[in-house]
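Visitor: Hi! Could you walk me through this one?
Guide: Happy to. Here it is.

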Amino acid sequence: MEKQEYTITLYTENSIGMIGRISGIFSRRKINVESLNTSPSEVEGIHRFTILINESEDVVRKLCRQIEKQVEVLKAYYNTDEELIWQEQALYKVPTEVIAEKASVERLLREYGASAVVIRHDYTVFETAGHREEIDRLTAALGEYGLIEFVRGARIAIIKDSAGFHTKIKQFEREEPSPEIVENEYLDQQERVFTM
């Protein structure tokens, strides 16, 4: 099967060591993670991982099934770029004198929707969001004007045909209500039960 970009979206409980366990699954299979983002999700107490890899669909499907076996992982989805709305964010540090002296740089920044974050006498920091290709083109263009520093953030993505994870949780709670709490009959007998 042919390799292509897939975005894996995981919904997990927020627990210590989760990133390490998930990244271990990728490294054991010798799969390079191109981008990794974690953030709170729309459901309180649930975190969302957005992971970008370049693999075949068969490998990605098996990988998602293996990840879902982790106790704290509630659900794993995989999607192609066409099935997502996605963006990457970037920051650029450019000499302020170049922006002040050259109208072409200002036009270029406006064309890519970049906005100033910090303006100092020696440099200006701009931010923009877009697809990787757009960010790469702006980076190359700013390189000609003395780009001082550049950093790109991890991919963030929303699945187009999804009602959100919170609807799945609500549906699960309707179909599989939690059992009533039953008190343990031995709790008040502590020493008589737990002696050796």
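Guide: Helix 4 and helix 5 run roughly antiparallel to each other (an angle over 145 degrees). This is a predicted model, where local features need pLDDT of at least 70, side-chain atom pairs count only at pLDDT 80 or more, and totals for chains, interfaces and linings use all residues. Residues are numbered from 1 along each chain as its sequence is written, and side-chain values use heavy atoms, leaving out hydrogens and water.

Visitor: Which residues of helix 4 and helix 5 make the contact?
Guide: Val-105, Leu-108 and Leu-109 of helix 4 meet Leu-138, Ala-141 and Leu-142 of helix 5. Contact means heavy atoms within 4.5 Å, and helices are DSSP runs (H or I) of at least four residues, strands (E) of at least two, numbered from the N terminus.

Visitor: New topic: how many salt bridges are there?
Guide: The structure holds 15, each a side-chain nitrogen of Lys or Arg within 4 Å of a carboxyl oxygen of Asp or Glu. One of them joins Glu-5 and Arg-132, with the closest N and O atoms 2.7 Å apart.

Visitor: Where do Glu-5 and Arg-132 lie?
Guide: Glu-5 is in strand 1 (residues 4-13) and Arg-132 in helix 5, so the pair ties together parts 127 residues apart in sequence.

Visitor: And which side chain meets Arg-132 at 3.7 Å, N to O?
Guide: That is Glu-88, in another salt bridge.

Visitor: Is Glu-88 buried or exposed?
Guide: Glu-88 is buried, at 4% relative accessibility. Buried means under 20% relative accessible area, exposed over 50%, and partly exposed in between, using a 1.4 Å probe and protein chains only.

Definitions and conventions: Angles under 35 degrees count as roughly parallel, over 145 as roughly antiparallel, 65 to 115 as roughly perpendicular and the rest as oblique.
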